[in-house]
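This report describes a structure in terms of its domains, helices and charged contacts. The sequence and the coordinates are shown first, and the discussion follows.

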Amino acid sequence: MTVVGIVGAQWGDEGKGKVVDLYAEFADMVLRFQGGNNAGHTLVVDGKKTIFHLIPSGVLRHGTTCVLGQGMVIDLRVLVEELDKLAGAGALDHSSLAVSDLAHVILPHHLVLDGLREDKRSGSIPVGSTRRGIGPAYEDKVGRRGLRVGDLYRPELLRSTLTEVLAYWRPMLEARGAAVPRIDDVVTALAPLAARIRPFVTDTVALLHAALDASRAILLEGAQGSMLDVDHGTYPFVTSSNTVMGGACAALGLGPTRIDEVVAIAKAYTTRVGDGPFPTELEDEVGRRLRDVGAEFGSTTGRPRRCGWFDAAAVRYAARISGATRLAVTKLDVLTGLPQIKVCVGYRLDGGPAAGFPVSDLGRVEPVYEELPGWSEPIDRARSFDDLPRNARGYVEALSSLVGCPPCLVSVGPDREQTIAMTNPFSR
Ligand code: IMP
């Protein structure tokens with residue numbers, strides 16, 4: 001039995017979707033543990049590329065059970081759209097989907113609030129959120145006003161929860177000139193969506209433990225990245241959940257001792273969408289080149305991503321706080337043709353070397369770089385580590401030694417086959 005966790009080691013968009021898709025082949029169950037439709041990954045359904053935001057990639061693999069865990073916040077409209085796409089492709093005939101009855105529901109006022117918060121005049125710090133209502137939904141959860149998926153089927157509780165939560169937000173919405181959703185309208189809009197997802201709603205903790213008892217292979221899928229973790233990231237420019245591996249334990253009801261391998265995924269350079277500190281950001285020709293060659297535009301919002309050099313100090317920190325045992329390096333091909341490649345190996349702060357990882361001072365640090373030689377040969381056809389040019393091998397080895405984890409996979413292009421698989425974490 002093996003439980004493998006996947007965690008983004010940067011600011012999200014590390015290429016987790018592709019790695020989850022590859023590893024899902026070996027997994028009986030794929031569980032997503034946090035976030036909502038702020039994430040996005042591309043799946044090919046019926047030969048057509050489609051972006052999914054909630055359902056893990058494993059749903060297209062035969063016999064895989066995909067779970068939306070209780071740490072998630074779920075926009076039912078988006079979930080139903082994804083179900084319809086999958087049903088159209090017959091995907092749900094051979095795999096199964098389970099939605100936790102304890103996951104929280106994103107409600108119309110969450111979307112309104114998320115938009116208001118991003119307005120610079122609102123008095124809140126705009127963080128460049130995806131405006132999908134994620135932050136406000138988690139706020140209602142922690143404020144004990146939230147609506148859980150299972151509550152959709154308890155009419156009295158549904159109405160009383162909506163009454164309470166809308167009464168709570170009414171003064172703030174009215175003060176900003178925003179319309180307050182009507183309870184009857186919300187109930188009416190939720191009813192068909194709740195009915196559509198009902199066959200999938202279940203106790204996912206029991207499902208997970210049945211899989212553990214039966215020694216099934218289990219894959220844990222994180223969304224966003226470690227530097228966006230609400231406790232460990234560049235607060236307040238973070239998402240609203242724990243994206244680190246420990247978050248999976250709390251959010252799924254999985255004991256920490258059950259996780260066998262943790263794969264930290266990092267792009268061969270760094271990107272970030274939204275606001276907040278980014279020490280290795282390049283606002284020059286090289287940054288633009290990374291964005292163009294790497295097609296660095298958000299899959300959820302379409303926003304251009306900020307691009308910069310690999311930050312080994314940040315990835316090492318991310319690997320440590322998640323207990324990573326392996327490193328997967330994605331998008332190595334994007335660096336082909338750069339004569340020299342810089343890697344940030346640490347920071348200077350207030351004129352001296354920064355102690356530890358100065359997460360609260362990342363906006364003030366000066367990166368310390370090492371320069372590595374680049375390569376000019378195309379690498380998108382490399383299928384083994386030895387197929388890579390010497391300098392590309394040297395680059396991956398340098399990243400892995402700086403981060404402190406052996407490499408298990410290198411991705412050299414968007415397709416499934418454009419992968420150098422070095423160690424399979426499921427066959428320990
Ligand atoms: P929220 O998660 O929509 O509240 O956004 C909070 C911050 O996290 C913003 O800077 C977003 O751009 C960022 N963010 C949220 N989801 C993702 C993701 O999947 N990839 C990259 N950044 C994300």
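How much area do domain 1 and domain 2 bury between them, and what percentage of it is on carbon and sulfur atoms?

The model is predicted. Domain 1 and domain 2 bury about 2000 Å² between them, with 63% of it on carbon and sulfur atoms. On the side of domain 1, Val-73, Leu-76 and Ser-240 supply 28% of the area buried against domain 2, more than any other three residues.

The domain division assigns residues 3-95 + 203-421 to domain 1 and residues 104-199 to domain 2. The contact takes 28 residues from domain 1 and 22 residues from domain 2. The C-alpha centres of the two domains lie 29 Å apart.

## Polar and charged pairs at the interface

Across the interface of domain 1 and domain 2 there is one salt bridge. Eight residue pairs in polar contact, both residues being at pLDDT 80 or more, are also found across this interface. Strand S6 (73-74) and helix H2 (76-88) are the elements that give two or more residues to the side of domain 1 that touches domain 2. Of these, H2 gives the most, with seven residues.

A salt bridge is formed by Asp-84 and Arg-196, whose closest N and O atoms are 2.8 Å apart.

## Helix H3 and its surroundings

Helix H3 spans residues 108-117, and its buried residues are His-109, His-110, Leu-113, Asp-114, Leu-116 and Arg-117. Viewed down the axis of H3, these residues fall within an arc of 160°, so they line one face of the helix. The cover over the buried residues of H3 includes strand S8 (104-105), helix H4 (134-142) and helix H5 (155-175).

Is Asp-140 buried or exposed? Asp-140, which is found in helix H4, counts as buried because its relative accessibility is 0%. The side chain of Asp-140 makes a polar contact of 2.9 Å with the side chain of Trp-169.

Apart from neighbours within four places in sequence, Asp-140 is in contact with His-109, His-110, Arg-145, Gly-146, Val-165 and Trp-169.

## Helix H10

Helix H10 covers residues 312-322, and eight of its 11 residues are buried, so the helix is largely enclosed by the rest of the structure. The buried residues are Ala-312, Ala-313, Ala-314, Val-315, Tyr-317, Ala-318, Ala-319 and Ser-322.

At the N-terminal end, Asp-311 caps H10, with a side-chain oxygen 3.1 Å from the backbone nitrogen of Ala-313. After the helix comes Gly-323, whose phi is positive, near 65°.

## Salt bridges

Over the whole structure, 23 salt bridges are found.

Arg-77 takes part in two of the salt bridges described here. With Asp-75, the closest N and O atoms are 3.4 Å apart; with Glu-81, the closest N and O atoms are 3.8 Å apart. Arg-77 and Glu-81 both lie in helix H2, four residues apart, about one turn of the helix. Arg-77 counts as partly exposed because its relative accessibility is 43%, and Glu-81 is likewise partly exposed, at 41%. Asp-75, by contrast, counts as buried, at 5% relative accessibility.

Helix H5 holds another pair, Glu-174 and Arg-170, four residues apart, about one turn of the helix. Their salt bridge has its closest N and O atoms 3.3 Å apart. Glu-174 is partly exposed, with a relative accessible area of 46%, and Arg-170 is partly exposed as well, with a value of 38%. Elsewhere, salt bridges link Asp-13, Lys-267, Glu-296, Arg-305 and Lys-331 in a network.

Conventions: Residues numbered from 1 in each chain as written. Predicted model: local features only at pLDDT ≥ 70, side-chain atom pairs only at ≥ 80, totals over all residues. Heavy atoms only, no water. Buried < 20%, exposed > 50% of the residue type's maximum accessible area, 1.4 Å probe, protein only. Arc of directions from axis to C-beta. Contact = heavy atoms within 4.5 Å. Domains from an automatic or database assignment. Buried area = accessible area lost by both parts, 1.4 Å probe. Salt bridge = Lys/Arg side-chain N within 4 Å of Asp/Glu carboxyl O. Polar contact = N/O pair within 3.5 Å; in protein donor to acceptor, adjacent residues only side chain to side chain.
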